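Please find below my comments on the model under review. They begin with one local detail and then turn to the chain as a whole.

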Amino acid sequence: MLFEVWAPDAGSVGLWLAGRLRAMERDAARAGWWTVEAPAADGDRYGFVLDGDGDASGDGGGGAVRVLPDPRSRRQPDGPDGESAVVDHSLFEWREGWPGRGLPGAVLYELHIGTYTPEGTFDAAAERLGHLAELGITHVSLMPVCPFPGTHGWGYEGVSLWAVHEPYGGPEGLKRFVDAAHGLGLAVVLDVVHNHLGPSGNHLPAFGPYFTETHHTPWGAAVNLDAPGSDEVRAYLLGSALAWLRDYRLDGLRLDAVHALADDRALTFLEELSAATDALAAELGRPLSLIAESDRCDPRTTTPREAGGLGLHAQWNDDFHHALHTALTGESQGYYADFAAAPLAAVAKTVTRVFFHDGTYSGFRGRTHGRPVDVVSTPAHRFVGYAQTHDQIGNRALGDRLSATLSPGLLACAAALVLTGPFTPMLFMGEEWGARTPWQFFTDHTDPALAEAVRAGRRREFAAHGWATDEVPDPQDPATRNRSCLDWDEPAEEPHARLHAWYRELITLRRALPDLSDPDLAAVRTAHDERARWLAYRRGDLRVVVNLAGEPATIPLGGGRRWSGAGRVVAAWDPVAAPGPDGLLHLPPESCVVLADG
């Protein structure tokens with residue numbers, strides 16, 4: 001077997017395998033690379049020793065040799081600081097053939113393996129995939145699964161970007177999960193983090209210039225995408241991304257916070273990744289998708305490369321979320337302040353123009369922000385719309401979901417706006433039944449100093465917003481993670497069962513009625529009354545109406561060509577009659593309805 005590693009500054013590199021150290025040779029064809037052939041099989045432990053670090057006597061127990069894990073390790077059985085293990089991907093027997101599934105017409109479901117079930121494993125989560133298939137979900141969007149310290153965490157402090165967190169089930173567990181999902185017709189998207197690595201267990205700097213002081217990010221030195229040595233760093237990240245898609249048969253990647261990628265090269269890393277992903281899709285004969293998280297409000301993120309864009313296939317739309325959240329809750333702190341003056345107008349703008357900030361002034365940022373979307377030429381499925389995500393719940397002090405404060409009727413209105421709206425809809429796990437369990441920020445750092453720093457930093461952050469120290473959950477307390485696990489008894493209980501049935505009905509409608517998956521953003525028409533707290537929009541022959549007020553609303557849908565002719569109720573949260581000859585819809589408080597012409 002060929003072992004290879006990029007270590008451009010090392011004077012010597014050794015392979016530690018089976019209790020002995022083997023000298024590696026420089027690769028004459030690739031600058032900075034070292035290679036050696038050695039017999040090895042699936043599961044064998046190994047690592048690299050740089051510049052003769054430690055005693056290389058090879059006594060079988062490791063001696064004092066400082067063995068570093070492989071930067072391209074496929075498995076870390078003992079965690080980020082342990083030795084790597086060989087993975088032979090050809091040994092796994094896939095049961096399901098899979099033609100793939102693209103984003104048009106998709107309904108995404110964001111899922112965290114560690115809290116989707118109390119067991120927190122791939123296998124336990126796979127046993128619950130039938131729930132998602134029955135609901136009508138098409139794509140499971142997994143939060144990160146790369147190794148991180150300890151057992152439980154969000155996954156955004158991962159390292160070893162080619163490996164799978166062992167407590168979840170390791171590489172084999174992920175493959176079983178994907179295979180089970182495909183057997184139910186569910187595509188699987190994985191969240192990957194390229195903008196930083198976790199502070200604990202990150203051994204990449206010992207090997208080469210994976211990071212650069214040329215740029216600084218909230219996490220410190222930036223991942224090196226444009227400084228000397230960046231060609232190999234890009235190759236490392238590209239190889240990792242393609243390996244997930246190829247070796248694990250994943251259907252796409254969600255790219256975390258791409259706005260935090262510091263990259264001044266003419267050909268950006270994201271363009272390279274987009275081109276490589278499209279080439280792999282052609283090679284494999286199935287669609288592959290890249291979904292960006294970006295706060296730039298920049299349509300170029302998803303504009304095709306040939307038209308001067310980055311060529312990613314979709315991007316999250318936080319502006320829609322912020323407008324909807326503000327309309328539902330009345331909150332106006334932080335970034336919600338930009339939307340709070342007229343939240344229903346903000347919702348109306350986002351469902352017709354995509355971004356609220358499309359060249360407008362942002363008081364939160366203290367500057368003009370965003371760029372307009374060409375709604376005539378840009379299909380709606382390139383934008384992901386949602387009422388809740390892991391960030392928008394977990395980054396609150398108590399990790400409280402909308403269900404902690406909103407009535408079932410308002411939750412039903414949120415569902416209607418997400419699932420009948422123009423964007424690719426996404427749910428956060430448990431949202432579909434109004435889960436009462438919070439989703440809090442939790443960690444399991446094994447370094448006591450780092451654990452205390454995270455704990456103190458979390459409390460300090462929220463103390464600035466008026467929270468007492470003892471009110472903010474301790475991220476290191478196992479109870480914080482345990483509270484965040486879904487309660488699977490809830491979906492069968494009221495009021496959860498009714499809300500779950502509503503979500504299922506709306507998803508069924510989205511699949512059955514072409515108007516609800518129409519990609520034409522320019523065809524969406526809206527009307528709203530800020531004071532009366534109702535909003536309506538038209539999509540083809542359908543119109544969706546929500547009343548967020550605490551009293552009944554009389555909503556004029558007639559009296560003009562745009563809203564005339566509503567004939568029948570297609571779906572309603574509460575019993576409601578279709579508008580009469582006067583075109584007036586009488587909608588109960590905190591309720592919603594889908595109407596059709598004729």
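1. Strand E4 and strand E5 (residues 33–37) run antiparallel and are joined by two bridges. Strands here are DSSP runs of E with at least two residues, helices are runs of H or I with at least four residues, and both are numbered from the N terminus; two strands pair if DSSP finds at least two bridges between them.

2. The order E1-E5-E4 describes an open sheet of three strands with antiparallel pairing. Its edge strands, each pairing on one side only, are E1 (2–6) and E4 (25–26).

3. This is a predicted model, in which local features need pLDDT of at least 70, side-chain atom pairs count only at pLDDT 80 or more, and totals for chains, interfaces and linings use all residues. Residues are numbered from 1 along each chain as its sequence is written, and side-chain values use heavy atoms, leaving out hydrogens and water.

4. The chain comprises 15 helices and 26 strands. Its C-alpha trace spans about 90 × 55 × 50 Å along the principal axes.

5. Why does the radius of gyration agree with a compact globule? Because a compact globule of 598 residues would have a value near 25 Å, and the chain has 25 Å. The radius is taken over C-alpha atoms, and the globule rule is 2.2 Å times the number of residues to the power 0.38.

6. Of the 598 residues, 58% count as buried (under 20% relative accessible area, 1.4 Å probe, protein chains only).

Conventions. Buried means under 20% relative accessible area, exposed over 50%, partly exposed in between (1.4 Å probe, protein chains only).
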